[in-house]
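Student: I would like to learn how to read a protein structure, one feature after another. Please start with a single residue.

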Amino acid sequence: MNNKTRFWDCSASIYDIFVNIINARTHKALREKMATFFEPEDIVLECACGTGMLTEVIAPRCRELIATDFSERMLEKAEKKCKNHNNISFKLADISSLGFKNATFDKVVAGNVIHLLKDPNEALKELDRVCKPKGKIVIPTYINKQSNKKENQFAKIIEKFGAGFQEKFTFSSYRKFFTNAGYVDVQYIRVEGFIPCSIAIISKK
């Protein structure tokens with residue numbers, strides 16, 4: 001077990017305090033926005049599902065959901081939270097090396113994880129690979145810097161404990177990340193809160 005996995009396994013038992021209390025405003029708005037992106041016949045892949053904050057929202061709105069994370073304890077929490085949904089499969093998986101065939105899913109979701117990755121472009125290629133043509137890739141990500149480059153203080157604190165923000169996005173640099181990766185057909189939705197986020201919705205050609 002590497003240090004990253006150990007950190008998230010250890011955080012699983014208290015992560016919902018961050019979700020439901022510390023950053024509640026952001027997450028409430030994020031869940032409301034995410035609920036609008038899915039159709040009843042969709043087969044959906046969710047990467048980095050954590051304790052199931054978005055899994056709960058996605059499952060009732062799609063035909064089938066595969067929820068993945070690289071932390072076993074996060075998956076255990078998510079599975080317990082979503083036990084009333086019978087259309088979810090939970091799997092241990094690395095977002096940068098997904099064990100699924102090309103063009104498998106109608107929608108692919110990677111929630112609040114891109115900023116944690118050493119090579120987010122590698123993960124983006126994987127998300128694109130497993131998404132069907134004309135499908136959508138939905139990537140909400142925390143924005144921990146304001147336009148004046150001032151970093152969110154809470155983000156700085158949790159980084160010291162091992163959260164490891166590899167990319168410290170502003171709203172504008174997040175857009176630039178996708179532009180530089182070659183994606184131009186992208187919609188962005190700004191979600192305000194203590195640690196705000198930006199949702200990127202990529203329409204795959």
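**Reading the model**

Student: Why does serine 173 count as partly exposed?

Tutor: Serine 173 counts as partly exposed because its relative accessibility is 25%. Buried means under 20% relative accessible area, exposed over 50%, and partly exposed in between, with a 1.4 Å probe and protein chains only. The model is predicted, so local features need pLDDT of at least 70 and side-chain atom pairs count only at pLDDT 80 or more, while totals for chains, interfaces and linings use all residues. Residues are numbered from 1 along each chain as its sequence is written, and side-chain values use heavy atoms, leaving out hydrogens and water.

Student: Where is serine 173 placed?

Tutor: Serine 173 belongs to helix H8, residues 171-180. Helices (H or I, at least four residues) and strands (E, at least two) are DSSP runs, numbered from the N terminus. A polar atom of the serine 173 side chain lies 2.8 Å from the backbone nitrogen of threonine 170. Serine 173 and isoleucine 143 are 30 residues apart in sequence, and their C-alpha atoms are 9.5 Å apart.

Student: How many helices and strands does the protein have?

Tutor: The secondary structure comes to eight helices and seven strands. Of the 205 residues, 54% are buried.

Student: How is strand S1 placed, covered or open?

Tutor: S1, residues 43-47, is mostly covered, with five of its five residues buried. Ile43, Leu45 and Cys47 are buried on one side, and Val44 and Glu46 are buried on the other.

Student: Which strands pair with S1?

Tutor: Two strands pair if DSSP finds at least two bridges between them. S1 pairs with strand S2 (residues 64-69) in the parallel sense over four bridges. S1 also pairs with strand S4 (residues 105-110), again parallel and over four bridges.

Student: Which residues of helix H6 are buried?

Tutor: In H6, residues 120-130, the buried ones are Pro120, Ala123, Leu124, Glu126, Leu127, Asp128 and Val130. Their cover, judged by contact (heavy atoms within 4.5 Å), includes S1, S4, strand S5 (131-142), H8 and strand S7 (197-203).

Student: Which partner does arginine 129 have in a salt bridge?

Tutor: Side chains of opposite charge can pair when their charged atoms come close. A salt bridge is a side-chain nitrogen of Lys or Arg within 4 Å of a carboxyl oxygen of Asp or Glu. Arginine 129 forms one with glutamate 126, the closest N and O atoms being 2.7 Å apart. The two are separated by about one helical turn because they are three residues apart in H6. Glutamate 126 counts as buried at 12% relative accessibility, whereas arginine 129 is partly exposed at 24%.

Student: How many salt bridges are there by this rule?

Tutor: The count comes to nine salt bridges. One of them joins the side chains of arginine 31 and glutamate 56, at 3.3 Å from N to O. This pair links distant parts of the chain, with arginine 31 in helix H3 (residues 24-34) and glutamate 56 in helix H4, 25 residues apart.

Student: What is the phi of alanine 48?

Tutor: Most residues other than glycine have a negative phi, and most peptide bonds are trans. Alanine 48 has a positive phi, near 55 degrees. The residue sits in the loop between S1 and H4 (55-58). Alanine 103 has a positive phi too, near 50 degrees, and lies in the loop between strand S3 (88-92) and S4.

Student: Which residues make the nonpolar surface patch?

Tutor: Patches are made of residues with over 30% relative accessible area and no salt bridge; like charges are joined within 9 Å, and nonpolar side chains (Val, Leu, Ile, Met, Phe, Trp, Tyr) within 5 Å. Here Ile14, Ile17, Ile21, Ile22 and Phe194 make a patch of about 480 Å², with accessible areas from the Shrake-Rupley method with a 1.4 Å probe, only the protein chains shown counting as cover for residues. Isoleucine 21 lies in helix H2, residues 15-22, and counts as exposed at 61% relative accessibility. The protein as a whole exposes about 10,300 Å², of which carbon and sulfur atoms supply 49%.

Key: Polar contact = N/O pair within 3.5 Å; in protein donor to acceptor, adjacent residues only side chain to side chain.
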